[in-house]
Amino acid sequence: MLPSGTLESYMKKRYRRLSRLFKDILGSEYFLTDPADTACYSFDASGQENMPWAVALPANTSQVSRTVELASREAVPVVPRGAGSGTTGASVPVSDSLVISLTRMKRIKSIDPVELSCVVEPGVITGDLQRAVEKQGLFYPPDPASLSFCTIGGNVNTCAGGARAVKYGVTRDYVRSLQVVLADGRVIRAGSSTAKGVVGYDLRHLFVGAEGTLGIVTEITLRLLPLPEAVGTVAAVFSSSNAAMDAVTCLFKSGILPRCAEFMDEMSLKCIRDMLPFDAGSRAKAFLLVEVDGLESSIASQLEKVRRCIVAKGAEKIYQPPGSRELNMLWSARRGLSPSIKKLGFEVKISEDICVPRSRLSSMLDFLKDAGQIFPVTILTFGHAGDGNLHVNLLFNRKELNSDKEIHELIKSIMKRTIELGGTISGEHGIGLSKKPFIHLELKPEVLDLHRQIKKILDPGNILNPHKIF
Ligand SMILES: Cc1cc2nc3c(=O)[nH]c(=O)nc-3n(C[C@H](O)[C@H](O)[C@H](O)COP(=O)(O)OP(=O)(O)OC[C@H]3O[C@@H](n4cnc5c(N)ncnc54)[C@H](O)[C@@H]3O)c2cc1C
């Protein structure tokens with residue numbers, strides 16, 4: 001047995017020595033250990049938190065590589081971090097870890113209108129990239145509602161989606177190549193910057209959505225598209241969620257592909273009603289926001305098809321924004337919904353991110369309605385209905401539902417029903433810590449085992465964002 005205090009003094013000396021070594025790499029200004037500073041990196045939008053030992057703020061790939069190499073040699077767990085806007089605890093530090101924040105690496109290195117691509121550092125804010133490429137007549141479609149603060153590096157590592165995914169796909173579909181720092185500090189490139197490339201396994205897509213558990217992304221080559229000539233938008237309110245979902249199904253049978261079909265239920269409407277540019281009316285129980293794009297000459301006929309579906313499914317009101325002010329109000333209301341749920345005053349909000357085939361959306365909503373009657377929770381549902389992707393928010397106060405077991409059972413029943421309906425337990429937010437207890441419901445043991453083997457090959461010391469996903 002060690003004499004008392006020996007371990008403590010050994011640890012103090014170890015961390016003092018490590019601090020010196022990390023400061024040599026990063027500069028003392030960019031290596032933080034003061035809890036007043038590191039607390040800012042201790043949580044994400046899931047509401048979970050845990051203090052790291054320290055925070056590194058590298059300025060380039062070489063610093064990331066040397067930092068990870070040292071962390072690996074010294075068995076210091078490393079937690080990569082973008083803006084911390086993730087909703088599953090994926091960037092919440094494990095104890096005694098070093099957070100590597102990529103926010104200083106925020107250069108848009110190039111935009112190439114011939115290759116239809118751009119090269120960016122991971123800390124670039126998604127909305128900033130969109131504006132930059134749009135100035136050159138180009139288009140980066142993935143648009144998570146968090147786009148004004150989340151980073152491209154975080155988007156790549158969660159494979160973020162967004163409203164436009166219904167037509168344009170998710171972040172994965174735009175990643176051409178990645179520069180990645182591996183667990184031992186080696187720097188590799190996965191994928192090719194060309195429009196095509198089939199040399200070797202598709203390692204690039206292994207890193208997309210890996211939640212920082214397989215490597216740290218330090219440079220990204222993204223595919224771009226020409227900016228659509230015109231966009232048309234329609235909002236509609238319905239007297240039931242099922243009617244709104246029927247309208248969504250109708251849209252896909254009408255011969256057009258809308259670029260967005262966003263849904264909000266009655267509780268969601270309650271949160272954003274006063275942000276809308278029109279009066280939703282007292283009978284409003286569901287809201288749809290549909291957008292089409294393409295050639296200017298095609299917009300009127302596309303909107304007509306949207307309108308026909310909405311009318312056929314019994315919309316109470318249809319609203320077409322007359323100008324950019326009203327259009328911005330509609331999108332601000334939609335993007336501001338998640339934070340505005342706080343207005344409802346519940347102590348706890350647990351957000352799920354399920355995805356079912358579009359044709360099963362109504363069945364899922366019926367199941368959620370029943371669940372809300374069995375459990376003492378308020379269920380608020382909104383999301384990217386065009387993708388079948390619903391954000392199911394479980395809202396309650398501790399005095400009504402205080403048993404973790406009961407909460408776990410409720411979430412499990414939602415996940416199980418999602419899978420029964422042919423869906424997946426996460427459409428775009430990922431697994432992180434929150435969904436870890438449920439991953440086995442979807443992935444068979446042999447598939448989970450394959451995940452573990454891949455993790456072991458790429459990160460034998462388990463230093464990269466340990467204890468996340470599985
Ligand atoms: C109001 C709100 C709305 C949202 N709307 C959407 C939406 O519509 N669609 C959607 O998909 N998501 C949405 N999200 C979730 C979140 O914004 C996304 O998951 C986003 O991609 C996270 O980016 P971030 O920069 O905040 O990453 P973080 O939260 O910091 O990190 C996310 C994960 O990526 C890892 N990571 C970050 N950077 C790197 C890197 N360079 N290398 C390796 N690993 C890294 C982290 O370790 C972590 O595992 C929303 C969140 C909020 C709060």
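Strand β2 (residues 54-56) runs parallel to β4, and 3 bridges join the two. The structure is a predicted model, in which local features need pLDDT of at least 70 and side-chain atom pairs count only at pLDDT 80 or more, while totals for chains, interfaces and linings use all residues. Residues are numbered from 1 along each chain as its sequence is written.

On another flank, β3 and β4 (residues 98-101) pair in the parallel sense over 4 bridges, with P80 standing opposite I100 in β4. These pairings belong to an open sheet of 4 strands, in the order β1-β2-β4-β3, with mixed pairing. Because β1 (31-32) and β3 each have a single partner strand, they stand at the edges, and one side of each is left without a neighbour in the sheet.

In a regular strand the side chains alternate between the two faces of the sheet. Strand β3 is covered on both: V78 and P80 on one side, and V79 and R81 on the other, are all buried. A residue is called buried if 20 or more other C-beta atoms, placed from the backbone, lie within 10 Å of its own, exposed if 12 or fewer do, and partly exposed in between. V78 is also among the residues that touch the most other members of the largest nonpolar core, which has 115 residues; A56, A244, F287 and L288 are the others. Such a core is a set of buried Ala, Val, Leu, Ile, Met, Phe, Trp, Tyr and Cys residues joined through C-beta atoms within 7 Å. Beyond its neighbours within four places in sequence, V78 is in contact (C-beta atoms, placed from the backbone, within 7 Å) with V68, A71, S97, L98, I100, I463 and L464.

Of the 9 residues of β14 (residues 286-294), 8 are buried. This strand pairs with β12 (residues 230-238) in the antiparallel sense over 9 bridges, and 6 bridges join it to β13 (residues 260-265), again antiparallel.

The ligand is surrounded by 37 residues, the closest being G82, G86, G153, G154 and G212; a residue is near a molecule if its C-beta atom, placed from the backbone, lies within 6 Å of it. The elements giving two or more residues to this shell are β3 (78-81), α5 (152-158), β10 (216-223) and α12 (337-340), and α5 gives the most, with 5. Domain 1 (6-101) and domain 2 (108-226) both give residues to the shell, so the ligand lies between them. The domain bounds come from an automatic or database domain assignment.

Two residues in the segment after α16 (445-458) deserve mention, one of them N462. Although it is not a glycine, N462 has a positive phi of about 50°, and it counts as partly exposed because it has 14 C-beta neighbours inside 10 Å. H467, located in the segment after α16, is likewise not a glycine and has a positive phi of about 70°.

Conventions:
Pairing = 2+ DSSP bridges. Contact = placed C-beta atoms within 7 Å.
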